[in-house]
Structure formats: structure tokens, C-alpha cells
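The following exercises concern one protein chain, shown below.

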Amino acid sequence: MNSGYFFKLAVHNLRYHKRLYLPLMVAQSFMIAMFYNNTFLVSNQEFISVPGVAGMLEFYIFSLFYVGIFACLFTVYLNFFAAKQRKHELGIYTALGMEKRHIAKLIVHENLILSAITLAGGLLLGIILSKLLMVFLCNIIKTNTTIPFSISLLGVLGTLVLFILVFFFILIARIISTNFSA
């Protein structure tokens, strides 16, 4: 079977199970956006130079660590929940004669599509919300400093690296669980 077949089947499965995957993608996109915004706060020099913020930098770094852990665990949980919902369907594929390596290819294609959509959506949402977050935080601090809109390269790279590793872990775990299932 060629790779184009698995891609089409993966797209069909994601569309068919949109009631399961749409909330998953929205939740993961918000987790990615939340992590990006925390990384953005820690790495934005204009924000750090605002009077009253430098003292809170340790808190932002601390929150970045815990938001990262929470986002990773929540993302893993959501993906395993979705995989559990689909376990019966994968069993039917096996009963119909699909080999485990073909099921693994299907899982790879589905995870790649989901990962790409949620990473792109989460980063886009995070970049848009970062300006609103800056305005909100400047109002809380009661400063008249205007911080120009910027995109944190460190935030984008850090978010991409973290969530690509998380999605890779999920992919490996799903393939292993598929190969060890009956």
C-alpha cells in the first residue's frame, strides 16, 4: 500500500471522528498558546524592562515551568483518551486483514496531521493573544509604557521543540500499544 492511501484514510478518519478530534485540537491549541505566551513573557526584553516587572521575572519563569508540565501532561492525556476511544476501530481494521505495520502507518499519518494542525493553530493563537496579554499586564501594573507587537523567536522555537517532543512521545506510545494489543 502506498503512502498516499494512508494519508487519505487518515484524513477520512479525522473527518469522520471530528466530534472526538475537534475538541482535542482546540484544547491542545490552547495549551500550546498558553505555553507560547509564558515563554513570550519570559523572553520579551521590552516587557522585562518595564518598571515593576523585573521583580516578577522569577515568578514568570516558575510559571513557565509549571505551565509546561501541565500542558504536556494534559496533551498526553487527551491523546491517550482519543486513542482509547478508537481502539475498537483499530481492532476492526486488524480483523479485516490490515497488518499491524499498516495500522502503525495510519497512526503516524493521523498524528502528523493532528500535530501540524494543533501546532500551527496554537502558535497562531498564542501570537495573537500575546499582544492582548501585554496590554492586560501593563494595565495591571498601571504603566503607560507601550510595548510594540513582536513575535518571540525563542517562544516559537521553545514551543515547537517541547510539543514536537510530546507529540513524538505520543506517537511512539500509540505505535507500541498497537503492536502489543491482540
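Residues 24 or more positions apart account for 86% of the contacts (heavy atoms within 4.5 Å) in the protein chain with a separation of 6 or more. The model is predicted, so local features need pLDDT of at least 70 and side-chain atom pairs count only at pLDDT 80 or more, while totals for chains, interfaces and linings use all residues. Residues are numbered from 1 along each chain as its sequence is written, and side-chain values use heavy atoms, with hydrogens and water left out.

**Exercise 1. The chain as a whole**

Determine how many helices and strands the protein chain has, and what its C-alpha trace spans along the principal axes.

Solution. 
Step 1. Helices (H or I, at least four residues) and strands (E, at least two) are taken as DSSP runs and numbered from the N terminus. By this assignment the protein chain has 6 helices and 0 strands.
Step 2. Read from the N terminus, the order of elements is α-α-α-α-α-α.
Step 3. The C-alpha trace spans about 65 × 25 × 25 Å along its principal axes.
Step 4. Of the 182 residues in the protein chain, 46% are buried. Here buried means under 20% relative accessible area, exposed over 50%, and partly exposed in between, with a 1.4 Å probe and protein chains only.

**Exercise 2. Packing of H2 against H4 and H5**

Describe how H2 is oriented relative to H4 and to H5.

Solution. 
Step 1. Helix H2 covers residues 18–43, and helix H4 covers residues 57–95. The two pack at an angle of about 165°, with their axes 9 Å apart. Axes are lines fitted to C-alpha atoms, for helices over the stretch in contact, and angles run from 0 to 180 degrees between N-to-C directions.
Step 2. H2 and H4 are therefore roughly antiparallel to each other. The classes are roughly parallel under 35 degrees, roughly antiparallel over 145, roughly perpendicular from 65 to 115, and oblique for the rest.
Step 3. The contact of H2 with H4 comprises 20 nonpolar, 8 polar and 1 charged residues. In this scheme Ala, Val, Leu, Ile, Met, Phe, Trp, Tyr, Cys and Pro count as nonpolar, Asp, Glu, Lys and Arg as charged, and the others, Gly among them, as polar.
Step 4. H2 and H5 pack at about 45°, with axes 6 Å apart. H2 is therefore oblique to H5.
Step 5. The contact of H2 with H5 divides into 19 nonpolar, 8 polar and 1 charged residues.

**Exercise 3. Packing of H4 against H5**

Identify the residues that make the contact between H4 and H5.

Solution. 
Step 1. H5 covers residues 100–141, and H4 packs with H5 at an angle of about 150°, the axes being 13 Å apart. H4 is therefore roughly antiparallel to H5.
Step 2. From H4, the contact is made by Tyr 60, Arg 86, Leu 90, Tyr 93 and Thr 94; from H5, by Ile 103, Leu 106, Ile 107, Glu 110 and Leu 137.
Step 3. By class, these residues are 7 nonpolar, 1 polar and 2 charged.

**Exercise 4. Individual residues**

Solution. 
Step 1. A polar atom of the Thr 39 side chain lies 2.9 Å from the backbone oxygen of Phe 35. Beyond four places in sequence, Thr 39 is in contact with Leu 64, Leu 154, Gly 155 and Thr 159.
Step 2. With neighbours within four places set aside, Gly 68 is in contact with Phe 35 and Leu 162. Gly 68 and Ser 177 are 109 residues apart along the chain, and their C-alpha atoms are separated by 25 Å.
Step 3. Not counting residues up to four places away, Tyr 93 touches Leu 9, Asn 13, Met 98, Ile 103 and Leu 106.

Definitions and conventions
A polar contact is a pair of N or O atoms within 3.5 Å; within protein, one must be able to donate a hydrogen and the other to accept it, and residues adjacent in sequence count only if both atoms are side-chain atoms.
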